Amino acid sequence: RLLIIDFGSQVTQLIARRLRELNVYCEIHPYQNVTDAFLKDFAPKAVIFSGGPASVIDEGSPRPPESVFDLDVPILGICYGQQVMMQMLGGKVERGHGTAEFGRAYVEPTGAESDLLFGWFVGGREQVWMSHGDHVSEIAPGFEVYGTSPNAPFAITADVERRFYAVQFHPEVHHTPNGPTFYENFVRIAGFEGDWTMGAYKDEAIAKIREQVGDKQVICGLSGGVDSSVTAVLLHEAIGDQLTCVFVDHGLLRLNEADEVVTMFRDHYNMKLIHADESDLFLGELEGVSDPETKRKTIGKLFIDVFQKYASEIDGAEFLAQGTLYPDVIESVSFSGGPSVTIKSHHNVGGLPEKMGLKLVEPLRELFKDEVRALGHELGLPASFIGRHPFPGPGLAIRCPGEITRDKLEILRKADAVYIDQIRRHELYDEIWQAFVAILPVRTVGVMGDGRTYDYACALRAVTSVDGMTADYYPFSHEFLGETATRIINEVPGINRVTYDITSKPPGTIEWE
Ligand code: XMP
């Protein structure tokens with residue numbers, strides 16, 4: 001296994017991700033925990049020093065133990081990791097006076113060759129991503145330079161004999177396009193076979209959960225979305241009946257959704273599942289509410305109250321399981337307290353663990369969305385479930401602009417089901433990030449048969465996106481749109497007009513509210 005010593009970079013987790021993609025098992029440990037004894041016990045086959053915000057020139061700045069250099073294993077230092085390595089091995093680091101560098105840079109080869117650079121510099125220079133204030137001004141004895149950039153003369157350095165490698169840039173980020181090859185070279189030098197899999201990750205995650213939880217009881221909020229479903233199934237495999245899931249049904253779910261969730265988790269997986277059917281409560285409180293933010297806040301607050309009520313009835317619960325993903329972790333670290341404005345109050349259960357005195361179990365904290373899907377697959381969740389489009393916490397409430405009524409919700413559910421059926425029949429579901437119907441707060445005149453109608457209009461929405469932050473509308477064919485409109489009007493009483501929303505994000509958002 002490979003050890004990543006974390007000096008606090010925002011992108012340390014991306015190093016782990018690159019290694020997982022190469023099927024290499026690694027663990028990230030904060031530098032404070034990495035002592036001589038730890039290293040001996042861990043017995044890494046290779047070590048990576050991450051970047052970090054500190055300056056090695058400052059007194060008391062983070063260091064790995066000296067003994068790491070005596071392990072006789074390959075070491076790769078990145079950014080701060082490079083500087084710390086140089087300073088500890090006899091080189092020099094200076095503060096950046098006008099040499100700080102952030103963003104894209106180009107590294108040129110020096111002509112020296114190394115196995116680390118296999119597949120690099122094939123087309124000349126390489127684009128890399130820099131983010132540093134200080135820089136190495138003198139490399140340590142035994143090191144040689146393999147790549148330089150205008151602001152980082154020691155962009156790539158190595159002591160090939162001892163297998164110590166140190167780079168100023170971040171090979172793990174997307175903006176270093178040839179970064180994956182760089183890591184591939186490093187792990188090959190270290191002798192990894194690349195035989196570690198998501199199946200192994202699952203087993204390790206289960207072992208960690210068992211160790212953390214012991215014989216205590218755990219509560220998990222289950223929405224039926226991919227993240228909470230994978231969390232629940234993983235915990236169930238780990239601790240069986242010590243887990244109780246609470247499924248809050250706010251009456252704003254899609255057609256048959258509540259039944260599907262209950263059947264799948266209670267009947268198929270045999271989990272302890274509380275179906276908190278509180279639709280009357282939610283729909284009652286939402287009566288007459290048409291302001292989008294008020295809707296969101298009302299639902300968010302009720303959700304917490306309801307969850308808390310059901311959870312407090314579970315005897316002896318000490319842990320709350322959440323499907324927090326790595327991108328959520330980065331966001332909360334880098335943007336907490338930031339000056340960004342609230343576009344929408346997103347619905348989550350932040351603050352709940354403290355309020356209820358529960359400790360958190362977050363087994364997906366290190367994973368990205370596609371890795372969660374792979375893990376779900378490993379756990380035997382059906383593909384149709386794993387590949388589902390995202391569905392917002394406030395549910396259909398934000399797809400029903402204006403006042404929410406049971407009638408409108410029923411019409412909306414039916415129209416949405418027809419639309420999704422159309423998309424599946426045409427095999428477009430997996431190409432689309434998210435598709436849904438919004439029922440509009442207008443009624444319009446139509447003619448059906450020989451009679452006049454006066455019914456609701458609806459809007460179809462379908463977007464492509466990578467992360468939900470930006471999106472483009474999906475270019476359906478006119479035939480598809482025509483056929484879908486006809487089906488909705490024929491099959492859904494209450495709708496007599498269908499429109500297609502061709503707004504991208506920005507300026508629109510994906511949801512209507
Ligand atoms: P917007 O509408 O802001 O949505 O472009 C971006 C993505 O987030 C989903 N979404 C939510 N998800 N709670 C959630 O869990 C929410 O309150 C919420 N609001 C929007 C939306 O469906 C899209 O995927």
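Leaving aside neighbours within four places in sequence, Val372 is in contact with Val226, Asp227, Val230, Leu325, Leu364 and Leu367, where contact means that the C-beta atoms, placed from the backbone, lie within 7 Å. The model you are looking at is predicted, so local features need pLDDT of at least 70 and side-chain atom pairs count only at pLDDT 80 or more, while totals for chains, interfaces and linings use all residues. Residues are numbered from 1 along each chain as its sequence is written.

Is Val372 buried or exposed? Val372 counts as buried because it has 21 C-beta neighbours inside 10 Å; the cut-offs are 20 or more other C-beta atoms within 10 Å of a residue's own for buried, 12 or fewer for exposed, and partly exposed in between, again with C-beta atoms placed from the backbone. Val372 sits in helix H12. Helices (H or I, at least four residues) and strands (E, at least two) are DSSP runs numbered from the N terminus. The buried residues of H12, which spans residues 369–378, are Val372, Arg373, Ala374, Leu375 and Gly376. Their cover includes helix H5 (198–213), H6 and helix H13 (383–386). After H12 comes Gly380, with a positive phi near 85°.

A nonpolar core is a set of buried Ala, Val, Leu, Ile, Met, Phe, Trp, Tyr and Cys residues joined through C-beta atoms within 7 Å. The largest one has 74 residues, and those with the most contacts inside it are Val218, Cys220, Leu235, Cys245, Ala415, Val437 and Ile495. Its largest share, eight residues, comes from helix H6 (residues 226–239). At least three residues of this core come from each of domain 2 (198–386) and domain 3 (405–500), with domain bounds taken from an automatic or database domain assignment. Take Val437 as an example: not counting residues up to four places away in sequence, Val437 touches Arg399, Leu412, Ala415, Asp416, Tyr419, Cys458 and Leu460.

A second, separate core has 55 residues, among them Val34, Cys79, Tyr80 and Met86. The domain assignment also gives domain 1, residues 2–189, and the C-alpha centres of domain 1 and domain 2 lie 37 Å apart.

Now turn to a pair of helices, H1 (residues 12–21) and H4 (residues 179–189). They pack at an angle of about 70°, with their axes 10 Å apart; axes are lines fitted to C-alpha atoms, for helices over the stretch in contact, and angles run from 0 to 180 degrees between N-to-C directions. That angle makes H1 roughly perpendicular to H4, a label for 65 to 115 degrees, with under 35 counted as roughly parallel, over 145 as roughly antiparallel and the rest as oblique. Arg18, Leu19 and Glu21 of H1 meet Gly179, Pro180, Tyr183 and Val187 of H4.

Arg104 counts as exposed because it has 12 C-beta neighbours inside 10 Å. Apart from neighbours within four places in sequence, Arg104 is in contact with Gln127, Trp129 and His175. Arg104 and Val128, 24 residues apart in sequence, are 5.9 Å apart in space, C-alpha to C-alpha.

Finally, step back to the whole protein. Its secondary structure comes to 15 helices and 20 strands, and 38% of its 513 residues count as buried.

Technical notes. Two residues are in contact if their C-beta atoms, placed from the backbone, lie within 7 Å.
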